[in-house]
Amino acid sequence: MEQQRAARRTAVWTLVITSAAGFMASLDNLVVTTALPAIREDLGGGLEDLEWTVNAYTLTFAVLLLLGAALGDRFGRRRLFVAGLAVFTAASGAAAFAPGIEGLVAARALQGVGASVLMPLTLTLLTAAVPAERRGMAFGIWGAVNGLAVAAGPLVGGAVTEHLSWQWIFWLNVPVGLALLPLARLRLTESRGPEDRLDLPGTALASTALFGVVYALVRGNADGWSSAPIVTGFTAGGVLLAGFVAYEMRAARPMLPMGLFRSRAFSAINAAGLLMFLGMFGSVFLLSQFLQGVGGYSPMEAGVRMLPWTAMPLLVAPIAGAVSDRVGGRSIIVAGLALQALGLALFAMVLEPGVSYVAQLPALVVSGVGMSLFFAPTASVVMSSVRPRDQGIASGANNAMREVGGALGIAILSSVFSAQGGYASPRIFIDGLVPALWTGAAAVAAAAVVALLVPGRPRAPRPAGPAREAVSVPA
């Protein structure tokens with residue numbers, strides 16, 4: 001009986017600690033968007049610099065997620081979780097202290113490194129601590145907390161920027177991180193996975209390939225699309241990405257087993273997720289600036305006015321999840337992506353200097369419902385597309401694809417924006433924003449088409465690699 005009570009206490013503490021840490025990491029994806037005008041006014045810099053304040057985080061987060069999970073499996077999940085949390089907390093303080101835009105971008109990249117270690121370990125720590133019969137509820141709570149972070153990001157960023165300063169969106173992480181560090185050390189149980197060899201060559205290839213492509217997209221308009229640095233970025237990125245795929249197909253312990261992509265469901269849902277985040281993240285990045293720079297709203301007012309979009313998953317996702325259990329995930333996902341594309345198209349059709357918020361509201365609501373329908377069944381489709389032994393790496397791969405999509409979306413849509421418009425006047429801003437939104441709508445519409453390839457009831461394929469079972473280790 002005493003052992004059961006101790007196990008319950010451990011499970012509760014693990015859920016609280018991992019959910020709080022995951023909330024911080026998820027919040028920092030979008031928390032900076034409503035602070036961008038204030039950062040630009042305080043630190044200076046052009047559009048490409050603002051892009052890097054977001055992309056420096058999402059890109060390092062994305063490319064190191066799978067490595068973070070592998071490090072935890074090998075050296076101890078609690079130990080690496082604490083290390084990642086410490087890096088994230090220290091980097092948040094460095095971002096608040098940043099004297100210039102370059103320092104802020106560097107601190108954001110370091111934040112992404114910390115988040116890439118702690119975030120994948122939140123689920124593996126939960127799996128090790130929570131009995132199998134209660135994991136569904138625990139994962140549900142964890143998912144709801146992370147969904148709340150995504151919804152609250154623009155609002156928190158706007159409120160803090162308006163009433164304190166943009167630096168405080170990073171300072172808020174510091175006391176929370178400092179409180180969680182000793183709790184994690186004392187309350188979490190150590191566990192490990194199999195002693196796999198770390199795939200450092202694969203990580204290096206993926207990281208440099210993505211950096212080259214994103215750098216070329218961000219700097220293309222400023223340097224010229226035919227200039228040597230841009231051509232080199234695209235060429236080197238493409239070559240290194242092909243090299244990554246070739247290496248992973250031959251590696252004994254690959255970071256991303258290419259055999260997983262033999263599953264039509266796995267390939268389709270990851271491609272759809274990348275395209276969805278490409279359209280959504282890029283649009284939120286620009287629309288949050290539109291609400292302030294053209295709409296005339298304060299940072300907090302802009303965050304509140306984004307809530308019909310960003311907070312909708314809290315209302316719709318539970319219902320969509322229940323419906324998807326009955327009808328399958330494909331139809332819900334396709335409907336969600338179609339609505340998200342429609343929402344972005346509605347924005348592109350109504351935006352003009354002086355447009356009222358009421359005229360924008362249908363686009364916000366439709367986008368919010370669409371995003372909710374996409375999120376609800378995605379995890380289930382990903383997990384059911386692979387064998388249980390591969391679910392950890394499959395989940396990490398899906399998260400990495402979406403983060404890469406977000407980084408590419410901000411770079412691509414900003415390139416379209418800067419090629420057609422700028423910040424000189426509301427009219428010029430709209431001239432750039434509208435074609436960027438049409439680009440985002442096209443990307444999400446393509447995601448809906450790709451999602452049609454997901455089988456109605458995907459069956460798990462044959463295993464792509466060796467088992468990755470959790471092994472408990474004495475604390």
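Helices here are DSSP runs of H or I with at least four residues, strands are runs of E with at least two, and both are numbered from the N terminus. With a relative accessibility of 10%, E403 counts as buried; buried means under 20% relative accessible area, exposed means over 50%, and partly exposed lies in between, using a 1.4 Å probe and protein chains only.

Which residues does E403 touch, once those up to four places away in sequence are set aside? They are N29, T58, F61 and A62, where contact means heavy atoms within 4.5 Å. N29 is 374 residues from E403 in sequence, yet their C-alpha atoms are 9.1 Å apart in space.

## How to read the values

Residue numbers start from 1 along each chain as its sequence is written, and side-chain values use heavy atoms, with hydrogens and water left out. Since the model is predicted, local features need pLDDT of at least 70 and side-chain atom pairs count only at pLDDT 80 or more, while totals for chains, interfaces and linings use all residues.

## The chain as a whole

The chain has 18 helices and 2 strands. Of its 475 residues, 54% count as buried. Among contacts between residues at least 6 apart in sequence, 84% join residues at least 24 apart.

The expected span of a helix is 1.5 Å times one less than its number of residues.

Helix α10 has 23 residues and should span 33 Å, in agreement with the 33 Å between its end C-alpha atoms. Its buried residues are I230, G233, G237, F244 and E248. An α-helix has 3.6 residues a turn, so residues three or four places apart point the same way.

## The nonpolar core

A nonpolar core is a set of buried Ala, Val, Leu, Ile, Met, Phe, Trp, Tyr and Cys residues joined through side-chain atoms within 4.5 Å. The largest one has 122 residues, and those with the most contacts inside it are F81, L104, F290, W309, L337, L351 and L433. Helix α11 (residues 264-293) gives the largest share of this core, 16 residues. Leaving out residues up to four places away in sequence, L337 touches A272, M276, G370, F374, V444, A447, A448 and A451.

Beyond its neighbours up to four places away, S283 touches W309, L344, L413 and L437. T89 is another residue to look at: T89 lies in helix α4 (residues 77-97) and is buried, with a relative accessible area of 6%. With residues up to four places away not counted, T89 touches N173, V174, G177 and L178.

## A pocket and a cavity

On a 1 Å grid over the protein atoms alone, a cavity is a set of points where a 1.4 Å probe fits but cannot get out; a pocket is an open set with protein on both sides within 12 Å along at least five of seven lines, and lining residues have an atom within 4 Å of a point. Grid points are joined across faces, edges and corners, and a volume is the space filled by probe spheres set on the points. The second largest pocket has a volume of about 340 Å³. Of the 17 residues that line this pocket, A206, L210, F244, M401 and V404 are the closest to its centre. Two or more lining residues come from each of α3 (47-75), α9 (200-223), α10 (228-250) and α17 (391-420), with α17 giving the largest share, 5 residues.

The structure also holds 3 cavities of 30 Å³ or more, and the largest cavity has about 40 Å³ of space. Its lining is made up of L287, F290, L291, R305, M306, F347, Y357, Q360 and L364.

V350 belongs to helix α15 (residues 329-350) and counts as partly exposed, at 29% relative accessibility. Apart from neighbours within four places in sequence, V350 is in contact with V355 and A359. G354 lies in the loop between α15 and α16 and counts as exposed, at 72% relative accessibility. The C-alpha atoms of G354 and G296 are separated by 9.3 Å, although the two residues are 58 apart along the chain.
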